[in-house]
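User: I'd like to learn how to read a few features off a model like this one. Can we go through them one at a time?

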Amino acid sequence: MSPSPTPTTPRPPLRVALAGIGVVGGGVVRLLEANRELIARRAGRPIEIVALSARDRHKDRGVDLSAYRWEDDMGALVAADDIDVVVEMVGGADGPALTLARQALGAGKALVTANKAMIAHHGIDLARLAEEKDTPLKYEAAVAGGIPVIKAIREGASANEIARVYGILNGTCNYILTLMEREGASFADALAAAQAEGYAEADPTFDVDGVDAAHKLSILAALCFGTRLDIGAVAATGIRDLIAADIREAEALGHRVRLIGMAERDPAKGGALYQHVQPCLVPADHPLAYVPGALNAVVAEGNFVGRLFFEGAGAGAGPTASAIVADIIDIARDEYGPAFAMPVSALDEAPVADPGARVGKHYVRLIVEDRIGVLAEIATAMRDAGVSIESFIQRGDEAGGGVLIALVTHEGPARAIHAALAALAASDHVVGEPMHMPILAL
Ligand SMILES: NC(=O)c1ccc[n+]([C@@H]2O[C@H](COP(=O)([O-])OP(=O)(O)OC[C@H]3O[C@@H](n4cnc5c(N)ncnc54)[C@H](O)[C@@H]3O)[C@@H](O)[C@H]2O)c1
Ligand SMILES: N[C@@H](CCO)C(=O)O
Ligand code: NA
């Protein structure tokens, strides 16, 4: 007969303070209220919001906050001894968010954050501080919003060597691309719609220029490869220069345009780490081509598990709150470890791979004047740079008064395409900036 269970004293509530009550903060309040009982059972103790802080106490957030203590000064959350966990949802790599994070960890409080910019720039210092104070630093919401990809890689796939991680890491861009693709929406209208849904960053240029995806990619790379975060080593190009015709041409070639962040480590080059965010042509039969709207998706390739594919909402109040509260529940259960899956001292310093050396096929689009010799000029620039053309199409009268040339190259290093396009950009017969995108072949 099994021994009768020893009665245990119920654990005290976990006391949480929320800093920044915007789209995400409002979602966290609603989630903790709506699922209170279930969360307490799963966490093994109640999770209580003890205090809130944001810039404007009286702003209408569509949620009643009158029952909670309000602090105008975020620093008061750190000073209070009735708070165990500080949840940072303010945003910004530096400034008040970073001050709060440092103070909270320094005071031995647990820190949960949705702030990928801050983690990408200061994650190592914050992780070191968390280790020194033996307190949790959790950031599930910072990468791919509601998808539990940090947990999956830190825990579920932790036995694997990961060769490559890539995916759709910005909901705003994916939303814009999907709207342009399906409804022929203009870039500006699609961005305004994404902002209205609460997907975009406070400064949406971070979304459309690939900076937000670069933040997330650098965090994933550190986790997947056991390397020190190196945001400065991520090359990023956004989607601002895409025109509707690129989306149509991609479709005609059997592809869809997606903003893809990719990181891979090359053992043949001393473990050099390639990190790149750029719009790519994704074959229509690749799972990433089916990811619509503000959804995100991450592919991680492990040497024993094989290809893992995660998909879900990458932005928005509910999904982001889901990730934050999952982190809080882990803290309530005392289930946490080093922020980057190993102590900071065990992380490698990876050499930076040259993004120009990456070999692949490319899509190239030019708008040119319709006159004798222009095609010869393109062919010459390609030949001189060592780029071999696989296929070629010309379409008359594109917006901008020129003729559209779309071509697909044979495999070659990205730097050869850059050289050919730099030469063509200088031509008087080429209108505007030439555009190129790698064609994903994974
Ligand atoms: N919106 C999303 O879908 C989403 C998804 C994942 C992660 N995030 C991240 O979550 C964080 C918050 O995003 P959000 O969309 O909720 O932003 P938001 O602009 O809606 O909310 C920010 C909140 O912080 C407060 N705040 C800003 N500056 C402050 C200051 N100096 N002092 C005090 N309070 C200040 C604001 O008053 C507001 O309450 C950001 O780091 C963002 O990158 C957002
Ligand atoms: N602005 C971000 C929010 C989620 O991190 C996005 O659009 O993906
Ligand atoms: Na996540």
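User: Where is A284 found?

Analyst: A284 is in the loop between β10 (272-283) and β11 (295-302). Helices (H or I, at least four residues) and strands (E, at least two) are DSSP runs, numbered from the N terminus. This is a predicted model, where local features need pLDDT of at least 70 and side-chain atom pairs count only at pLDDT 80 or more, while totals for chains, interfaces and linings use all residues. Residues are numbered from 1 along each chain as its sequence is written, and chains are lettered from A and ligands numbered from 1 in the order in which they are written.

User: Why does A284 count as partly exposed?

Analyst: You count other C-beta atoms, placed from the backbone, within 10 Å: 20 or more is buried, 12 or fewer exposed, in between partly exposed. A284 has 13 such neighbours, so it counts as partly exposed.

User: Which residues is A284 in contact with, beyond its neighbours within four places in sequence?

Analyst: Contact asks for C-beta atoms, placed from the backbone, within 7 Å. On that basis A284 touches G254, H255, R256 and A289. Take G254: 30 residues away in sequence, yet 5.7 Å from A284 in space, C-alpha to C-alpha.

User: Now the sheet. In what order do the 6 strands come?

Analyst: Strands of a sheet pair through backbone hydrogen bonds, either parallel or antiparallel. Here two strands pair if DSSP finds at least two bridges between them. The open sheet runs β3-β2-β1-β4-β5-β6, with parallel pairing. Its edge strands, β3 (69-70) and β6 (137-138), each pair on one side only. Strand β2 (residues 47-53) is joined to β3 by 2 bridges, and L52 sits opposite W70 in β3.

User: Where does ligand 1 lie relative to domain 1 and domain 2?

Analyst: Domain bounds come from an automatic or database domain assignment. Domain 1 (14-142) and domain 2 (149-314 + 332-355) both give residues to the shell around ligand 1, so ligand 1 lies between them. A residue is near a molecule if its C-beta atom, placed from the backbone, lies within 6 Å of it. For ligand 1 that gives 26 residues, the closest being G20, G22, G91, A114 and A315. Helix α1 (residues 23-34) gives the most to this shell, with 3 residues.

User: How do the residues around ligand 2 divide?

Analyst: Ala, Val, Leu, Ile, Met, Phe, Trp, Tyr, Cys and Pro count as nonpolar, Asp, Glu, Lys and Arg as charged, and the others, Gly among them, as polar. The ligand 2 shell has 3 nonpolar, 5 polar and 3 charged residues. Among them are N170, Y199, E201 and D207.

How values were computed
Contact = placed C-beta atoms within 7 Å.
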